[in-house]
Structure formats: C-alpha cells, structure tokens
Amino acid sequence: MTERALRLGTRRSKLAMAQSGQVARAVRQLTGRPVELVEITTYGDTSREHLAQIGGTGVFVAALREALVREEVDFAVHSLKDLPTAQPDELLLAAVPPREDPRDVLVARDGLAFEQLPEGARVGTGSPRRMAQLNAYARAHHTRIETVPIRGNIDTRIGYVHNGELDAVVLAAAGLNRIGRADEVTDFLSVDSVLPAPGQGALAIECAADNADLAALLGELDDPRTRVAVTAERSLLAALEAGCSAPVGALADLLGEEEAVTEMRLRGVVGTTDGSTLVQLSTTGPVPTSHGDAIALGRELASEMLAKGAAGLMGERAH
C-alpha cells in the first residue's frame, strides 16, 4: 500500500507556487512520499487595500495556518518575512531552509541603476521600510525621489515600469530568482544602504506542533546558520514592534570564511518614511549557539536602538 500524499498548503501566487514547488521536491527526495500542493487563497491575496491597513504581512499567513490547525493540510510554506513574530503554540516552525539572496533590487526603465535615476523619479514600493531607506539613500546622493505605494504580484509591479507609469520598482532579489526573472534586475541595492526586511530571502516550513514524525522529517531541511540569523533579525523586530511603529530593516551576516564562521553581525534600521531620520545600529558577537542566544542578540540591539530614539520616530505605538 502506498503512503498517502503529504499535503502542502501554499498561497496561489506564482512566487508562492515556485517556493512551495521547491520545498515539495525536497520533501519528496527526502521521504520518497508524494507531495501535493493545496492552493489556499488568503485575505492578503484578494484585498486591494494597502498592507498596513489590513493588518500587515500576517494577512498572507492566517489562512494557511487555519488550514494547518483544521488538518486540511499537513504542512505549509511561507515567506519568512510574512510570518508574525509571535509563534502560535499549536504550530511549529519545523525548518528554515538555506536562505536565498536577502537583498532588495531595483527594476528600472532603460536599465538604470539607483544612482542614475533622474531627480524626482517615481519609485514604486508597498513597503514603508523601503521608502524610508530609499528616500534617505537619495538624500545622501543629493537627489530626491518620489516613492509611490503599490500592491500586486511581481508581474504587476514590473508592469508599472514597462508601461511607463513608474520609473522603477523595488523588489526582493529572492522572489525574482525563484521565479526565474533575475535578468530584469537593473541594480542590486547594497545592504549598506538598504537593509532588507527581517527574514527576507528565507522560507519558513510550518507544521502542527503535535506531529512529531513530520516535524522530524521536515527538520532535515533546516539550515542552522540561516535559522540563527533570521531568529536574531526577528527578535530585533519583535522588540522594536513592542516599542515603536516605525518600519524595521534588519540583517544578520555570518562573518569569516565558509568553514570557519566565527562571528555574527546584526544590523538594524528604523526610520521615518520620508527618510529624514534613520536610527541605524549594528552589533557583532560570537555566532549564537542556541535559540535563546540569537533572541538575546536581537533584543540587545533593539534596546540600543530604542535608547537612540527609535520609538519616537513615528509616534509611540498605542497600547
């Protein structure tokens, strides 16, 4: 008797299907069991409102998590940056596979790099984090851009550039790589100028906390280095979310040669969306050897950022 197929819950977008397809292949190779994709429409996919108005990134995750809890699917694949920082007790983050390129990229008309954009160029992004840093980056180069809020999938966003509505859009490198459109990139934005969203470029594989056998199987796909980096980034985000509503960028780099990684550097930024004020700090220490150490590193940097005025940037969060 053949084993029943494992059901992988996924959003329906081209990017989500590509990501889930990669994970499905890896799970098939690992277990020898068939894996079927179960497409789930989330509120974030159907709503045309701006993300900030409908509850932030969690709107893409809720429907998948509900399907897991109702046992309609066995496991789910998310973009890690979409996961709320609080982990529900009944669900387990079983694996964080090796991370894709975490950088943000520019897709601009006429092959332009960011520094070649004309004064007042219209740059599309739905992310206040990107707006804050892009405006600051432009200001540092003595020019000015107009950030235009946009929604939609990758095709829709790039379409705004192709049809001339916008001069450029900013997207995640990882998404373009995963759907085979990396050749559209006209500039890779250095993390020294634009820090990505916490967890950007990483995937999260989630299953029911009480499904120990499946959790152990999926755990084989976990990359400890990626997990420790994104844990520190998300810990920074969680601590800042508690104290300020400003958009947060964060990246943890592992420093040293491939075999001899000795240190981890965590960088964080929050700012006003016009880019006039940024609080940007970093800390470097030994690579955390436990989940608790990674969380402590993020909290420590967050408290330094709050002490430097991060909380006041966009008004205190209402409690």
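The protein averages a pLDDT (the predictor's confidence in each residue, from 0 to 100) of 90, and 92% of the residues score at least 70. This is a predicted model, in which local features need pLDDT of at least 70 and side-chain atom pairs count only at pLDDT 80 or more, while totals for chains, interfaces and linings use all residues. Residues are numbered from 1 along each chain as its sequence is written, and side-chain values use heavy atoms, with hydrogens and water left out.

**Exercise 1.** Determine which residues touch the most other members of the largest nonpolar core, and which element supplies the largest share of this core.

*Solution.* 
Step 1. A nonpolar core is a set of buried Ala, Val, Leu, Ile, Met, Phe, Trp, Tyr and Cys residues joined through side-chain atoms within 4.5 Å. Buried means under 20% relative accessible area, exposed over 50%, and partly exposed in between (1.4 Å probe, protein chains only).
Step 2. The largest core has 24 residues, and Leu236, Leu240, Met264, Val270 and Met305 touch the most other members.
Step 3. At least two residues each come from helix 8 (224-243), strand 11 (248-256), strand 12 (261-271), strand 13 (278-286) and helix 9 (291-307). Helices (H or I, at least four residues) and strands (E, at least two) are DSSP runs, numbered from the N terminus.
Step 4. Helix 8 supplies the largest share, six residues.

**Exercise 2.** State where aspartate 110 and histidine 142 are found, and describe the phi of each.

*Solution.* 
Step 1. Most residues other than glycine have a negative phi.
Step 2. Aspartate 110, which is not a glycine, has a positive phi of about 55 degrees. Aspartate 110 is found in the loop between strand 5 (104-108) and strand 6 (121-124), and is exposed, with a relative accessible area of 65%.
Step 3. Histidine 142 has a positive phi near 55 degrees. Histidine 142 is found in the loop between helix 4 (128-140) and strand 7 (145-148), and is exposed, with a relative accessible area of 74%.
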